[in-house]
Amino acid sequence: MSTPHNRAENGDFAKTVLMPGDPLRAKFIAETFLEDPRLVTDVRGMYGYTGTYQGRPISVMGSGMGMPSIGIYSYELYTQYGVENIIRIGSAGSYTDKAKLFDVVLATGAYSESNYAVTQSGDTDDIQTPSAALNDALRASAKAAGIPLIEGNIHSSDVFYRQPSDAKPTYWEKLRDEKGCLAVEMESFALFHNARVLGKRAACLLTISDSFVSPEITTAEQRQTSFTAMMKVALGVDAFLEK
Ligand SMILES: O=P(O)(O)O[C@H]1O[C@H](CO)[C@@H](O)[C@H]1O
Ligand SMILES: O=c1cc[nH]c(=O)[nH]1
């Protein structure tokens, strides 16, 4: 059974789906790391693949950018395709010198000013939380791969390009100091919320692609291909997840 946004059939997705924002990153992961990758959907160019990693079935699919987009795709994966676990793997801008370029962040909460949760279900919490079981499995996967994780809250923003402001402290310094946000991305608040209302599991790993505290920046090509540490941690998760 397909949806307006996904042409996959029942059984085409594995129980665990990795979701980068960029569908080309999904294609890269499938073609680089999966055995026997099969394209299961490409509606609107939002590629989804299923294959195996170290003998275990796993899927990878783009989410698009922003909460409305991941809201649609994750809701359909959870409700129409029997998906149990979604791990977002994204890029993020650092709000602190503790998280440097290419460091990997494991989100322990996603703060947002977004009205996604209150609109979706009446939930007024401004911090949505990931699955503790998935986070534990990701910690174990990272440990096994020798990849350090930096843990803390992240900021899920609806706005990438803000108007310049002379306000001091800056909005991001306030989010860092008052909400404990290590970095900014644009989807996890909605993903964690969907998982919570549907009784499913979600988590988020981020690779730092740029920094608000220093002028470091990565290219689009590096964002697409160089985030392999994060990808390997996420790909290995099922081996550490209680069934
Ligand atoms: O690299 P991805 O996963 O797309 O994540 C980040 O990059 C995009 C903005 O450039 C937003 O989607 C943000 O969340
Ligand atoms: O959402 C994002 C992602 C990466 N870098 C940013 O500044 N924002």
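**Labels and their grounds**

Reader: Why is Gln54 called exposed?

Author: Gln54 has 11 other C-beta atoms within 10 Å. A residue is exposed if that count is 12 or fewer, so Gln54 is exposed. The model is a predicted one. Gln54 is found in the loop between strand S3 (48-53) and strand S4 (56-61).

Reader: What is the phi of Gln54?

Author: Phi of Gln54 is near 50°, which is positive, and the residue is not a glycine. Most residues other than glycine have a negative phi. Asp36 also has a positive phi, about 50°, and is not a glycine.

Reader: How do you know whether Asp36 is buried or exposed?

Author: Asp36 has 10 other C-beta atoms within 10 Å. The limit for exposed is 12 or fewer, so Asp36 counts as exposed. Its place is in strand S2.

Reader: Why is Leu39 called partly exposed?

Author: Leu39 has 15 C-beta neighbours inside 10 Å. Exposed requires 12 or fewer and buried 20 or more, with partly exposed in between, so Leu39 is partly exposed. Leu39 lies in strand S2 (residues 35-41). Leaving aside neighbours within four places in sequence, Leu39 is in contact with Tyr47 and Tyr49.

Reader: What makes Ala190 buried?

Author: Ala190 has 30 C-beta neighbours inside 10 Å. The label buried needs 20 or more, so Ala190 counts as buried. Ala190 belongs to helix H6 (residues 188-198). Its contacts, leaving aside neighbours within four places in sequence, are Met67, Ile70, Gly71 and Tyr116.

Reader: Which residues of helix H5 are buried, and why are they said to be on the same side?

Author: In H5 (residues 171-179), the buried residues are Trp172, Leu175 and Arg176. They cover an arc of only 95° around the axis, which puts them on the same side of H5. An α-helix has 3.6 residues a turn, so residues three or four places apart point the same way. Exposed residues Asp177 and Glu178 are on the face turned away from the buried side of H5. The cover over the buried residues includes strand S6 (104-111), strand S8 (150-156) and strand S9 (181-185).

Reader: What stands out in the backbone just after H5, and in the loop between S8 and H5?

Author: Just after H5, Gly180 takes a positive phi of about 70°. Pro169 is in the loop between S8 and H5, and the peptide bond from Lys168 to Pro169 is cis, with omega near -5°. Most peptide bonds are trans.

Reader: Which residues surround ligand 2?

Author: Ligand 2 is surrounded by Ser91, Ala92, Gly93, Phe160, Val184, Glu185, Met186, Ser209 and Asp210. Strand S5 (85-94), S9 and strand S10 (201-211) are the elements that give two or more residues to this shell. S5 gives the most, with 3 residues.

Reader: How does the shell around ligand 2 divide by class?

Author: The shell around ligand 2 has 4 nonpolar, 3 polar and 2 charged residues. The shell around ligand 1 divides into 4 nonpolar, 3 polar and 3 charged.

Reader: Which residues touch the most other members of the largest nonpolar core?

Author: Of the 69 residues in that core, they are Val17, Leu18, Ile87, Val105, Ala183, Leu205 and Ala234. Not counting residues up to four places away in sequence, Ile87 touches Leu18, Met19, Leu134, Ala203, Leu205, Ala234 and Val237.

Notes:
Residues numbered from 1 in each chain as written. Chains lettered and ligands numbered in written order. Predicted model: local features only at pLDDT ≥ 70, side-chain atom pairs only at ≥ 80, totals over all residues. Helix = DSSP H or I, 4+ residues; strand = E, 2+ residues; numbered from the N terminus. Arc of directions from axis to C-beta. Contact = placed C-beta atoms within 7 Å. Nonpolar A, V, L, I, M, F, W, Y, C, P; charged D, E, K, R; others polar. Near = placed C-beta within 6 Å. Core = buried A, V, L, I, M, F, W, Y, C linked by C-beta atoms within 7 Å.
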